[in-house]
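Please look over the sequence and the structure below before reading the report. The report takes the strands, the helices and a few single residues in turn.

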Amino acid sequence: MKKVLEISNLKKYYHTMSEETLALKDISFDLYEGEFISIVGPSGCGKSTILSILSGLIEKSSGTIKMEDKTIAYMLQNDSLLPFLTILDNCLIGLKVTKNLTKENKDYVIHLLNTYGLGDFINNYPSSLSGGMRQRVALIRTLAVKPDILLLDEATSALDYQSSLAISEDIYKIIKNEKKTLIMVTHDIGLAISMSDRVIVLTKRPSEVKNIYQIELDNKSTPINNRKDKNFSKYYEMIWRDLDVHV
Ligand code: ADP
Ligand code: MG
């Protein structure tokens, strides 16, 4: 497999008027083409910070990030759809901002909306959609710019458990189907194991990599089926123990 990203000794300080916070102490990991990886860790350990650095939103303090000639797109923590724009216009924003709104690209977005069950809602406004559908729209908006690598931050954490299962199944299938590489961050251990080829576990802040697990299931399939695999609970327990501050 081809390595697309290599992160070494990433460190990040945040500075405010009164104090300095070390968010990331020492983060290193690789990413391979087509791979799905999850980063899990306690709340406030710096998961979103890693994605913000990778997407270029904020600067790292030190360390190196080597990336093949790949493009990255970031799906933020909440779906952040604009209420005054239609579903189609929401999905076209990235293309407009980057001045890539060609007929071909617009047709690609419409194709994605049709393929993933949103064709009838193209001219609707976000308020008329369910949480799961909005999440799918946000994903299609992210895919519109044809990124190689997708960054997903707590994509389902605002939803109830049943909806979270359903939308993670959708998200998984769409991203696999579109042959993308994925880095997602979550505090949800089950979600991480069920979605990923590898799970990277962080310590509490200032975070370091505590463990990296290659997820090997008997019948690797989609997230809902993966949760039924007999090895699932083995990984769940190991990661749960990694995250338990009392052990
Ligand atoms: P996570 O996503 O794992 O919950 P974050 O990456 O959001 O964690 O934050 C890591 C730490 O950095 C937290 O302690 C948070 O308060 C701090 N932090 C995040 N963003 C900023 C900022 N812009 N300025 C100062 N501190 C920040
Ligand atoms: Mg976060």
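Predicted model: local features only at pLDDT ≥ 70, side-chain atom pairs only at ≥ 80, totals over all residues.

Nine strands make up an open sheet with mixed pairing. Read across the sheet, their order is E4-E1-E2-E9-E8-E3-E7-E6-E5. At the edges stand strand E4 (62-67) and strand E5 (72-75). Each of these has a single partner strand, so one side of E4 and one side of E5 is left without a neighbour in the sheet. From one strand to the next, the twist averages 20°.

One pairing can be followed in detail. Strand E1 covers residues 3-15 and strand E2 covers residues 20-32. E1 and E2 pair in the antiparallel sense, over nine bridges. Lys 3 has Tyr 32, in E2, as its bridge partner.

## A helix across the sheet

The loop between E8 and E9 contains Pro 206. The peptide bond that joins Arg 205 and Pro 206 is cis, with omega at about -5°.

## Helix H2 and helix H3

Helix H2 (residues 87-97) packs against helix H3 (residues 103-115) at an angle of about 135°, and their axes are 10 Å apart. H2 and H3 are therefore oblique to each other, since an angle has to be over 145 degrees to count as roughly antiparallel. The crossing in which H2 passes H3 is right-handed.

On the H2 side, the contact is made by Ile 87, Leu 88, Cys 91, Leu 92 and Leu 95. On the H3 side, Asn 105, Lys 106, Val 109, Ile 110 and Leu 113 take part. Sorted by class, the residues in the contact of H2 with H3 are eight nonpolar, one polar and one charged. In the loop between H2 and H3 is Lys 99. Lys 99 is not a glycine, yet its phi is positive, at about 55°.

## Helix H2 and helix H4

H2 also packs against helix H4 (residues 131-143). Here the angle is about 35° and the axes are 7 Å apart. The crossing of H2 and H4 is right-handed.

Which residues of H2 meet H4? They are Ile 87, Asn 90 and Cys 91, and in H4 they meet Val 137, Ile 140 and Arg 141. By class, the contact of H2 with H4 has four nonpolar residues, one polar residue and one charged residue. Ile 87 and Cys 91 are listed in the contact of H2 with H3 and also in the contact of H2 with H4.

## An aromatic pair

How many aromatic pairs does the structure hold? There are two. A pair of aromatic rings is described by the distance of the centres and the angle of the planes.

One of the pairs is formed by Phe 36 and Tyr 172. Their rings are 5.4 Å apart centre to centre, with 70° between the planes, and the pair is edge-to-face. Phe 36 lies in strand E3, whereas Tyr 172 lies in helix H5 (residues 161-177), so the pair ties together parts that are 136 residues apart in sequence.

Note on methods:
Residues numbered from 1 in each chain as written. Chains lettered and ligands numbered in written order. Heavy atoms only, no water. Pairing = 2+ DSSP bridges. Helix = DSSP H or I, 4+ residues; strand = E, 2+ residues; numbered from the N terminus. Axes fitted to C-alpha atoms, helices over the stretch in contact; angles between N-to-C directions. Parallel < 35°, antiparallel > 145°, perpendicular 65-115°, else oblique. Left-handed = near helix turned anticlockwise from the far one by under 90°. Contact = heavy atoms within 4.5 Å. Nonpolar A, V, L, I, M, F, W, Y, C, P; charged D, E, K, R; others polar. Phe/Tyr/Trp six-rings, centres within 6.5 Å; stacked < 30°, edge-to-face > 60°.
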